[in-house]
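Hello,

Here is the structure for you to look through. My notes on it follow below.

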Amino acid sequence: MTSPKLGLIGIMHEEMKADLWGTLRGIADVGYKGIEGAELLLPGDTAENVRRFQDLGLHAITLSASRETLRGELDTIIANAKAVQTSHVSVWWGPCNSKEELLQDAELYNAAGARLAEEGIKLCYHNHEHEFLTSFNGVSAMDILVEYTDPKSVFFEMDIAWITMGKADPVQVLRRMAGRVPSIHIKDVFSTSEKGLWTAVGTGVVNISDSIRAAREIGVDWMVVEQDNLRNLTPMETITASYLNLKEAGLI
């Protein structure tokens with residue numbers, strides 16, 4: 001059983017635009033150990049940025065990619081991942097319009113993932129709700145992606161709130177995908193009655209505790225706090241509340 005490290009994605013966008021290094025220091029001071037979207041370190045002197053970033057005690061969890069950049073800019077992705085010293089590249093969204101489209105995407109992920117694996121980098125696909133709500137001949141789009149991608153070179157960054165919005169159980173999903181989930185997104189909603197009712201982690205209806213316990217069981221390395229839109233708190237209040245709620249529950 002592992003103890004995943006806690007990371008952060010998003011939430012502090014405007015603060016980073018205004019004061020990147022002051023904001024990163026504040027994030028580290030709260031207790032976060034890593035940031036997703038490591039491309040923020042690329043502009044300017046990348047090596048110096050990485051040094052300053054790591055001096056704050058932060059780790060570059062993943063570099064962002066898309067289906068399009070995997071097809072046409074893979075060498076650049078590899079070079080950038082190495083420059084920011086991350087071992088993960090994440091695709092944040094993919095469509096589910098047909099099984100044929102999913103199989104074509106799986107072929108792309110397999111090819112790109114194999115090339116990245118040669119460089120010691122894991123390719124991760126990040127889910128939303130539509131992969132669980134969409135099915136073909138009774139098989140969900142998520143299960144199709146899992147079945148037709150190579151477990152040695154394609155991994156999944158599972159978002160437990162989107163799984164919940166997709167009417168699936170994140171605990172069962174994580175256990176079923178053991179060995180292929182290096183990181184998860186920890187998010188919460190205060191209701192599943194409609195899309196987008198985000199709230200600070202631990203103040204909603206997502207089964208946070210059991211999902212984290214399942215993540216520990218299957219060897220997840222990172223759990224990453226995210227909140228797509230703010231509710232009542234400021235960005236700093238949001239990341240602090242999420243951290244403290246997890247700490248109070250004994251989950252970090």
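**Helix H6**

Glu101, Leu102, Asp105, Ala106, Leu108, Tyr109, Ala112, Gly113 and Leu116 are buried in H6, where buried means under 20% relative accessible area, exposed over 50% and partly exposed in between, with a 1.4 Å probe and protein chains only. This is a predicted model, in which local features need pLDDT of at least 70 and side-chain atom pairs count only at pLDDT 80 or more, while totals for chains, interfaces and linings use all residues. Residues are numbered from 1 along each chain as its sequence is written, and side-chain values use heavy atoms, with hydrogens and water left out.

H6 covers residues 99-118; helices are DSSP runs of H or I with at least four residues, strands are runs of E with at least two, and both are numbered from the N terminus. From first C-alpha to last, the 20 residues of H6 reach 28 Å, close to the 28 Å expected at 1.5 Å a residue (1.5 Å times one less than the number of residues). After H6 comes glycine 120, with a positive phi near 80°.

**Cysteines**

How many disulfides are there? The count is zero, a disulfide being a pair of cysteine sulfur atoms within 2.5 Å. The sulfur of cysteine 96 has its closest cysteine sulfur in cysteine 124, 17 Å away, so the two are too far apart for a bond. Cysteine 96 is buried at 9% relative accessibility, and cysteine 124 is buried too, with a relative accessible area of 1%.

Regards
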